[in-house]
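Subject: Structure handover

Hello,

Here is the structure I said I would pass on. Please open it first and then read the notes below it.

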Amino acid sequence: MTIQTKRFFPTALFLILGVFLPVVLSCSGGGGGGGGDNGAVNTYSLSGVIQVPGNTAVDSDVNDPKAPYAANDSIEMAQNIPNPATLGGFANVKDAGPAGRSRQSGDPSDFFKVTLAEGQHVTLYIADSDAADLDLALYNTAGAMVKGSFGTSKTESIDIDVVGDYCLEVSAYAGASNYILVIGQVASPGLASDNLRLQGDFIPGQAIIRFHDRKVSEGDAKSDRDLGAAGCRVISGRAGGDMLITFDENPQADGLKAAAKGRHFASTLMEAKYRTLMMIKKLRHRGEFLYAEPNFRRRAVFTPNDPLYGLQWHYSLINLPRAWDVTSGSGNVIVAVVDTGVLLNHPDLYGQLTAGYDFVSDADMEVDNEPGIDDNPDDPGDQDPGGSSFHGTHVAGTIAALTNNRSGVAGAAWSARVMPVRSLGKGGGTIYDLVQGIRFAAGLSNDSGTTPERKADVVNLSLGGEDYSQAEFNAVQAARNAGLFIVAAAGNESSSVPFYPASYAGVLSVSAVDMNKELAPYSNYGTAVDVAAPGGDTFRDVNGDGYTDGVLSTCGNDASGRIAYVYRFYEGTSMATPHVSAVISLMKAIYADLTPGQFESLLAAGQLTQDLGSPGRDNNYGYGLIDAFMAVRAAQDLAGTGGQALAYLTVSPAALNFGGAVTSLDIMVENSGDDALDVQEITDDAPWLTIESMSVDDRGLGTYRLTVDRTGLPVGIYTAAVTVVSSANTVTLSVIMQVTTSTAMGNAGRHYVLLIDSSTGAAVKTLGVNINGAAGTYTYTITGVREGAYRIFAGTDSNNDGFINDACEALGAYLILDQPSVFTVESDMSDLNFSTEFRVNIQDLAPLSLSR
């Protein structure tokens with residue numbers, strides 16, 4: 001066997017090893033045998049054990065022909081894997097990738113069977129996303145695809161909503177690549193998930209695209225021809241900006257049907273959505289577009305109820321009456337309500353509105369008898385079952401309904417003005433229309449060809465969805481850069497799943513509280529939440545006034561066939577959001593130069609809110625319940641935002657998964673602030689879980705050990721919550737544990753052990769080893785080693801390119817990979833033990849060659 005190393009300069013290794021020079025040497029095929037210098041040179045043997053983490057798994061049909069093989073090409077052949085899991089694999093389409101087991105025939109699909117818990121996350125990391133496109137799909141026990149992530153970036157991800165048995169599919173759309181599949185409990189930080197997800201809420205047969213600048217310079221006619229050749233038709237927009245296109249009837253249809261052939265979907269709608277995603281993927285692969293993405297829907301986030309008149313308890317909850325003693329707002333401050341439009345003739349909104357626009361472009365969503373976009377943002381109704389919502393009118397009334405007019409309700413900032421912008425229609429709205437509305441409000445170019453005489457100061461977005469959109473992100477960032485405050489509803493799913501636009505950076509995300517200042521049962525929560533406001537709870541009547549505890553505001557009623565101007569109690573984060581928008585407008589009335597950054601600094605300093613829940617910021621209320629009086633006082637005096645950092649309890653790791661074999665894990669409880677705090681109690685809610693202190697100081701800070709007892713528990717997956725309460729804040733971490741009959745140990749696939757000459761960087765010996773299944777380890781012995789200084793590396797060659805340490809391949813080194821040790825051979829050596837693993841975040845090191 002001929003062995004060589006490729007020259008490389010890894011940061012961690014270079015400081016110790018210097019440069020590896022390419023050297024070609026000959027050695028015996030098994031890595032043994034002495035020889036050399038006519039047999040006069042002494043040779044020795046080296047041996048050790050390579051350990052594998054218990055949650056490690058390997059694709060059973062990688063491209064390496066020497067690796068153990070078992071087909072996993074269909075649901076029926078699905079490979080069992082553990083939970084949690086870090087799995088390394090390889091997938092390719094026919095004739096793609098290095099020569100090996102699957103190049104000619106292809107290995108387009110790998111299926112894995114696994115039990116998953118609610119709240120878990122599955123992430124696919126793609127090694128070579130520039131040359132390959134891999135996808136991720138989730139199937140139920142009936143073999144129907146229920147979720148999927150089909151983007152074109154380095155990662156794909158799926159969130160698990162319901163505990164159960166599933167099959168995961170990693171498929172190759174184009175090219176060949178190694179990959180790592182991670183099943184975990186916490187979403188991977190710092191990764192922008194692609195937006196081609198089957199579970200996304202978008203319109204089948206439509207997409208939003210934007211050409212690269214070089215295509216724009218070629219003109220609209222050329223762009224239209226290119227789109228026509230791709231089987232697409234332009235609905236709205238033009239080259240140089242966002243374009244809404246359709247491909248519901250096009251020459252590519254047969255190809256899209258072929259893409260879906262052989263796959264079982266839960267519904268015809270899901271199949272149509274899959275075809276749409278595949279068409280968008282095809283457009284992305286053409287390379288002509290800055291981006292191509294689905295036309296996501298946005299829906300108003302509230303729960304409507306019957307119209308009732310009553311008291312606006314929500315204003316006193318945030319100290320608005322005291323704030324009104326200082327200001328009721330200013331007509332120079334404008335809040336844009338991008339929503340369903342506003343009933344322009346509602347008597348309690350008369351004189352409170354500025355000129356707006358209607359951007360609902362879809363004929364099926366318009367319902368205003370005015371085809372296309374127009375300058376009339378009146379709300380014709382959205383034809384919801386049981387009557388239209390007139391959602392935007394309700395939002396607008398909370399912000400600036402006429403007050404002291406002896407009629408109707410009060411507005412929170414009644415001297416401010418509302419700019420009505422209609423981007424939602426029947427059944428909700430689309431990203432494309434929403435983007436146009438935001439840009440209009442910000443005084444930026446848009447499809448109307450006009451801009452308002454005076455741009456808005458605040459944009460209220462009581463709407464959203466769970467799909468990330470680059471076009472929407474660009475729009476809110478452009479508005480923010482233009483100086484506008486962007487305030488959005490956190491969502492009504494009682495979930496921590498990111499909800500957009502509220503979860504974008506630079507957007508103020510608003511959760512909802514009830515009359516008792518407790519998180520409303522529907523409100524979303526999580527790391528994106530910045531602040532809370534009254535959203536109501538129409539299932540309760542806490543104050544006993546005979547009316548449900550919703551938020552009361554202006555509304556309409558079209559149940560009779562004509563629109564009546566009424567008032568209604570609604571609940572939702574949609575209702576909470578305009579309270580915050582109104583408070584910002586009160587502050588702007590006092591300090592016109594207030595910026596979003598200054599507001600955020602005041603918010604973080606606790607100068608704008610009543611602190612609810614855990615002291616300091618928490619995931620339910622953000623920095624607390626907005627307080628209008630505190631806010632206007634802060635606007636009067638913007639000084640004093642610094643000071644000592646508050647005590648803040650942190651627990652790491654943030655979640656634990658014991659899998660099916662681990663019995664004990666440790667957590668670290670720490671204070672990340674300056675002020676002192678005391679841990680008051682640590683509790684759990686599971687009889688199979690116990691907690692004991694290991695190394696803890698007199699304030700309760702330190703290391704705690706969590707132990708699970710599976711005795712007598714049926715096979716299945718179990719969840720629990722551990723709550724750590726301190727004098728500063730409370731932290732809850734989730735725990736997953738599995739009971740299984742499997743005794744399988746970790747397996748990182750066939751490994752190649754390389755003995756490296758430390759002076760030359762050349763591999764002088766190589767040895768292939770397979771896992772010892774019973775022990776979950778590799779045992780190796782290298783013979784015929786001459787005296788000298790060496791290092792040992794070991795790794796997989798899943799793609800069979802002749803190198804270990806390609807991206808998404810397992811790698812280990814003696815003693816540890818970050819600092820490989822140099823050792824001197826003067827005699828036989830044993831116990832040269834180390835570990836190997838698939839490292840998702842490992843620094844990109846250059847590969848080591850294996851010419852076999």
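A residue is called buried when its relative accessible area is under 20%. By that rule Phe-211 is buried, and Phe-289 is buried too. Please keep in mind that this is a predicted model.

The chain as a whole

The protein chain has 852 residues, and 54% of them count as buried. Its secondary structure consists of 14 helices and 48 strands. The chain exposes about 33,000 Å², and carbon and sulfur atoms supply 48% of that area. Among the contacts with a separation of 6 or more, 73% are between residues 24 or more positions apart.

Aromatic rings

Back to Phe-211 and Phe-289. The count of aromatic pairs in the model comes to 19. In one of them, the ring centres of Phe-211 and Phe-289 are 4.9 Å apart and the planes stand at 40 degrees, so this pair is tilted. Phe-211 belongs to strand E14 (residues 202-211) and Phe-289 to strand E17 (residues 289-300), so the pair ties together parts that are 78 residues apart in sequence.

Phe-265 and Tyr-274 make another tilted aromatic pair, with 5.2 Å from centre to centre and 50 degrees between the planes. Are these two residues buried or exposed? Phe-265 has 8% relative accessibility, so it counts as buried. Tyr-274 has a relative accessible area of 3% and is therefore buried as well.

Tyr-468, Phe-473, Tyr-500 and Tyr-504 form one aromatic cluster. Two lysines also sit over rings: Lys-273 lies over the face of Phe-202, at 5.0 Å from the ring centre, and Lys-281 lies over the face of Tyr-173, at 4.9 Å from the ring centre.

A covered strand

Next, look at strand E25 (residues 485-489), where five of the five residues are buried. In a regular strand, side chains alternate between the two faces of the sheet. In E25, Phe-485, Val-487 and Ala-489 point one way, while Ile-486 and Ala-488 point the other way; all are buried.

Which strands pair with E25? Strand E23 (residues 458-461) pairs with E25 in the parallel sense over four bridges, and Val-459 stands opposite Ile-486 of E25. Strand E26 (residues 508-513) also pairs with E25 in the parallel sense, over three bridges. There, Ser-509 in E26 is the bridge partner of Ala-488.

Strands of a sheet pair through backbone hydrogen bonds, in a parallel or an antiparallel way.

Regards

Technical notes. Residues are numbered from 1 along each chain as its sequence is written. This is a predicted model: local features need pLDDT of at least 70, side-chain atom pairs count only at pLDDT 80 or more; totals for chains, interfaces and linings use all residues. Side-chain values use heavy atoms; hydrogens and water are left out. Helices (H or I, at least four residues) and strands (E, at least two) are DSSP runs, numbered from the N terminus. Buried means under 20% relative accessible area, exposed over 50%, partly exposed in between (1.4 Å probe, protein chains only). Contact means heavy atoms within 4.5 Å. Accessible areas come from the Shrake-Rupley method with a 1.4 Å probe; for residues, only the protein chains shown count as cover. Rings of Phe, Tyr and Trp (its six-membered ring) pair if their centres lie within 6.5 Å; planes under 30 degrees apart count as stacked, over 60 as edge-to-face and the rest as tilted. A charge sits over a ring if NZ of Lys or CZ of Arg is within 6 Å of the ring centre and within 35 degrees of the ring normal. Two strands pair if DSSP finds at least two bridges between them.
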